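Please read it alongside the sequence and the coordinates.

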Amino acid sequence: MDKERKLIIAGNWKSNKTVAEGLSLVNDLKRELAAVKEVDIVVAPPFTALESVSKAIIDSNIRLGAQNLSADGYGAFTGEIPAGMLKEFSVGYVILGHSERRQFQKESDALVAKKAAAAHAANLVPIVCVGETLAEREAGITEQIVEGQLGGSLAGLSAEQVERTVLAYEPVWAIGTGKTATSAQAQEVHAFIRKVLTTLHGEVVAKRVRIQYGGSVKANNARELLGQPDIDGALVGGASLEVRSFADIIKNSI
Ligand code: PEP
């Protein structure tokens, strides 16, 4: 697939995989995907598996992501993991503002923006998620919601930082439900996101930002979705938990 921007496909393991299970999965992925150069491949295990997975993927083409970080630094923040600790395990990416955290941990756009700034300060690439609920789509306010989330979650970042940020458009109604946005629905929102980025930071930045699609991406719909001009990769939940399905998504997107 000849794309303007290099594809980035990330697996969000969420609260799944023991250390042993995570190691088994990445060792299989390493074998399956050793020849892939066209796609940036990222796995985001739970914090508890970061160290072992990090060691297992040294010298491979698989990069490491975390699923969250602390908006604050070192110090008295019980239960929080600052960016500096993630760097100890060669983490390169961090997923921020996932709809599950927005919903269950009540994370606001302002908090996501603070975390994105902390990520950039530590030279981590944030993967910032935005997306509307089913009720919002049905009310015809998808663009309004996505624009608000983008403005709020990227607030305070410089144009250079925005350019290095990866965005993930994840319609909430498509996450873990088996319902995928059609490629036309997804492309429409991705093009809109690029338009918003153009207004915020100019055309050059908007053209360089990679925007992943997420929401029930599987091996059999990856090619069609990632073939759209403004879709630059995928953030994959359920299908990233098995070697076959995750490797096939990546292979089918090349
Ligand atoms: C996700 O949680 O980011 C996601 C897209 O999940 P799934 O692929 O399972 O829909």
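The model is predicted: local features need pLDDT of at least 70, side-chain atom pairs count only at pLDDT 80 or more, and totals for chains, interfaces and linings use all residues. Residues are numbered from 1 along each chain as its sequence is written, and side-chain values use heavy atoms, with hydrogens and water left out.

**Pockets**

Rolling a probe the size of a water molecule over the atoms shows where empty space is left. Here a pocket is an open set of points, on a 1 Å grid over the protein atoms alone, where a 1.4 Å probe fits and protein lies on both sides within 12 Å along at least five of seven lines; lining residues have an atom within 4 Å of a point. Grid points are joined across faces, edges and corners, and a volume is the space filled by probe spheres set on the points.

The largest pocket has a volume of about 290 Å³. It is lined by 14 residues, of which Lys 14, Ser 15, Gln 67, Glu 100 and Arg 101 are the closest to its centre. By class, this lining holds 5 nonpolar, 6 polar and 3 charged residues, where Ala, Val, Leu, Ile, Met, Phe, Trp, Tyr, Cys and Pro count as nonpolar, Asp, Glu, Lys and Arg as charged, and the others, Gly among them, as polar. Helix H4 (residues 99-104) contributes the most to the lining of the largest pocket, with 3 residues. Helices (H or I, at least four residues) and strands (E, at least two) are DSSP runs, numbered from the N terminus.

The second largest pocket has a volume of about 190 Å³. Its lining counts 21 residues, and the closest to the centre are Lys 14, Gly 176, Val 236, Gly 237 and Gly 238. This lining divides into 7 nonpolar, 11 polar and 3 charged residues.

Lys 14 is found in the loop between strand E1 (7-12) and H1. Lys 14 has a positive phi of about 55° although it is not a glycine. Most residues other than glycine have a negative phi.

**Helix H5**

How far apart are the end C-alpha atoms of helix H5 (residues 109-121)? They are 18 Å apart, which agrees with the 18 Å that its 13 residues should span at 1.5 Å a residue; the expected span is 1.5 Å times one less than the number of residues.

His 120 is buried, with a relative accessible area of 8%. Not counting residues up to four places away in sequence, His 120 touches Pro 126, Leu 157, Gln 161, Arg 164 and Thr 165.

Just after H5, Asn 123 takes a positive phi of about 65°. Asn 123 lies in the loop between H5 and E5 and is exposed, with a relative accessible area of 52%.

**Salt bridges**

Side chains of opposite charge can pair when their charged atoms come close. With a salt bridge defined as a side-chain nitrogen of Lys or Arg within 4 Å of a carboxyl oxygen of Asp or Glu, the count comes to 20. Three of these pairs are listed below.

| Pair | Closest N and O atoms |
|---|---|
| Lys 251 and Glu 32 | 2.7 Å |
| Arg 101 and Glu 107 | 2.7 Å |
| Arg 102 and Asp 109 | 2.5 Å |

Lys 251 lies in helix H12 (residues 243-253) and Glu 32 in helix H1 (residues 19-33), so this pair ties together parts that are 219 residues apart in sequence. Lys 251 is partly exposed at 35% relative accessible area, and Glu 32 is partly exposed at 27%.

Arg 101 is partly exposed, with a relative accessible area of 23%, whereas Glu 107 counts as buried at 7%. Arg 102 is buried at 16%, while its partner Asp 109 is partly exposed at 24%.

Glu 4, Arg 5, Arg 194, Asp 230 and Asp 232 are linked in a network of salt bridges.

**Ser 52**

Ser 52 is found in helix H2 (residues 50-56) and counts as buried at 18% relative accessibility. Leaving aside neighbours within four places in sequence, Ser 52 is in contact with Val 19 and Leu 23.

Definitions and conventions:
Buried < 20%, exposed > 50% of the residue type's maximum accessible area, 1.4 Å probe, protein only. Contact = heavy atoms within 4.5 Å.
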